[in-house]
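Please read the following report beside the sequence and the model, and follow each residue in the structure as it is named.

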Amino acid sequence: MKAPVRWLKPLPLRPRDTVHVVAPAGPFDRPGFEVGLGVISERYSPIYRPDIFSAHRYLAGDDTRRTEELSRALLDGDARAIFCARGGYGSARLLPDLPLADATSSLFVGFSDLTSVHGAMQRLGRVSIHGPVLTQLGRQPAEVRDYLFRLLESPEAPPPLTGTATYVPGMAEGHLVGGNLSVLSRLIGTPYMPPLDGAVLLLEDVTERPYRLDRMWTHLRLAGVFSHVRGIVLGDFTSCEEKDAGYSSADVLRDLAREAGLPCAAGFPMGHGDINYPVALGTQVRLDADAARLTFLEGAVRA
């Protein structure tokens, strides 16, 4: 669970650089994909396989298709970034067969189910971007798109992000890891859990009822996760309410955070909500839970 001594950062992207578009998880809405593709096409030169629109049950094609697609993107030294079409489910199925150790330093961009790929990359000391997938990117406001391009292209630390609530006061510094709570909890006991020692942990989720959030959080606690990390950043927990309940998902998460006893702030604009700001996993951050403020101490790319 120890963090790598040195994190690997790629070179900055430049306008018209080649970038891959992949679908390692679930099938997706084509009109929404086309809008997101248009956003990155204004800046870069995206390429993708014709069979990216495949569907097999709840997956964007079978495991062989998706593994070959992502492997090609990871090994392409002429490309600067990899954008994911959608989350959903299926990325973890590919992990044993991906050439992650031999991958180029292209920036991998995605969230939700792609948390499994992020975890595997952080395990190898690689920085990656927890940020919008293409089917979500087209719905993001201009300031989020600009923030993403800045993160991909500038070695400077991006502007801080602000949450809405303090659950446990205090300060914490460390490398940022995590992502989707449900997916991250499934990495426990595998070789793909990100390095936790001294980390600041990001969590978000969607359509998980409060008791399920409690169950997954408790899994993290029983596995010793909270004895390794220094602080907790909570993003959006979208559509996670119990109908007609006298409590909210925020009530449950607040109590769980207080039990953990680590600096924790909530309501950061990251995840499945209307606004999903990208953040660089593996980079150093400072959490001021009292001010519900997350400050980035470095950029995602090298100078």
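Thr207 counts as exposed because its relative accessibility is 54%, where exposed means over 50% relative accessible area, buried under 20% and partly exposed in between, with a 1.4 Å probe and protein chains only. This is a predicted model, in which local features need pLDDT of at least 70 and side-chain atom pairs count only at pLDDT 80 or more, while totals for chains, interfaces and linings use all residues. Residues are numbered from 1 along each chain as its sequence is written, and side-chain values use heavy atoms, with hydrogens and water left out.

Thr207 lies in the loop between β9 and α7, and Ser239 in the loop between β10 and α8; helices (H or I, at least four residues) and strands (E, at least two) are DSSP runs numbered from the N terminus.

The helices α7 (residues 210-222) and α8 (residues 249-260) have axes that come within 9 Å and cross at roughly 20°, the axes being lines fitted to C-alpha atoms over the stretch in contact, with angles running from 0 to 180 degrees between N-to-C directions. The two helices α7 and α8 are therefore roughly parallel to each other, a description that applies to angles under 35 degrees. Pro210, Leu213, Asp214 and Trp217 of α7 make the contact with Ser249, Val252, Leu253, Leu256, Ala257 and Ala260 of α8, where contact means heavy atoms within 4.5 Å.

Trp217 is also, together with Leu203, Phe226 and Leu234, one of the residues that touch the most other members of the largest nonpolar core, which has 47 residues. Such a core is a set of buried Ala, Val, Leu, Ile, Met, Phe, Trp, Tyr and Cys residues joined through side-chain atoms within 4.5 Å. A second, separate core has 29 residues, among them Val19, Ile52, Val127 and Ile129.

Leaving aside neighbours within four places in sequence, Ser185 is in contact with Met216, His219 and Leu220. The side chains of Ser185 and Arg186 are joined by a polar contact of 3.2 Å, that is, a pair of N or O atoms within 3.5 Å, one able to donate a hydrogen and the other to accept it, with residues adjacent in sequence counted only if both atoms are side-chain atoms.

Technical notes. Parallel < 35°, antiparallel > 145°, perpendicular 65-115°, else oblique.
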